[in-house]
Amino acid sequence: MFFYLCVFIVPIIIFLILHFITRDKTDDESQLTEPMEVCAFCQRDFPINQMLEKEVGTYGKIYCFCRECIESLYKEINNTGIMTGE
Ligand SMILES: [Zn+2]
């Protein structure tokens, strides 16, 4: 009985140990890379330190916007004449 228990349990334990070791390695790798965030406008991934985080709406949801989208919005509002109030 004990022999059969060892035959089944030991490979499972080895598998679990290997699984945790490989998972720890991937965790370390993800920590080394910069955290990425999706732009709320263009849905592209950018490093979070290159983006503007803004709290939007009453629920306080945080949206991230990339420089390119903000600049295009800025150009758009200049072209419409909203800035001058005309
Ligand atoms: Zn964008």
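Gln50 sits in the loop that links β2 to β3 (51–56), where strands are DSSP runs of E of at least two residues and helices are runs of H or I of at least four, numbered from the N terminus. The model is a predicted one, in which local features need pLDDT of at least 70 and side-chain atom pairs count only at pLDDT 80 or more, while totals for chains, interfaces and linings use all residues. Residues are numbered from 1 along each chain as its sequence is written. Gln50 counts as exposed because it has 11 C-beta neighbours inside 10 Å; a residue is exposed with 12 or fewer other C-beta atoms within 10 Å of its own, buried with 20 or more, and partly exposed in between, with C-beta atoms placed from the backbone. The C-alpha atom of Gln50 is separated by 9.7 Å from that of Cys64, 14 residues apart along the chain.

Strand β4 (residues 61–66) pairs with β3 in the antiparallel sense over six bridges, pairing being assigned if DSSP finds at least two bridges between two strands. Within this arrangement, Met51 faces Cys66 in β4. Four residues lie between the two strands of the hairpin, and Gly57 has a positive phi near 80°.

A further loop, between β1 (36–38) and β2, holds Gln43. Here phi is positive in a residue other than glycine, near 65° for Gln43. Most residues other than glycine have a negative phi. With 7 other C-beta atoms within 10 Å, Gln43 is exposed.

Helix α2 (residues 67–80) comprises 14 residues and spans 20 Å from its first C-alpha to its last, close to the expected 20 Å at 1.5 Å a residue; the expected span is 1.5 Å times one less than the number of residues. None of the 14 residues of α2 is buried, so the helix lies largely in the open. Gly81 follows α2 and has a positive phi, near 85°.

Taken as a whole, the protein contains two helices and four strands, in the order α-β-β-β-β-α along the sequence. Of its 86 residues, 3% count as buried. Among contacts with a separation of 6 or more, 29% involve residues 24 or more positions apart, a contact being two residues whose C-beta atoms, placed from the backbone, lie within 7 Å.

The mean pLDDT (the predictor's confidence in each residue, from 0 to 100) is 83 for the protein, and 85% of the residues score at least 70.
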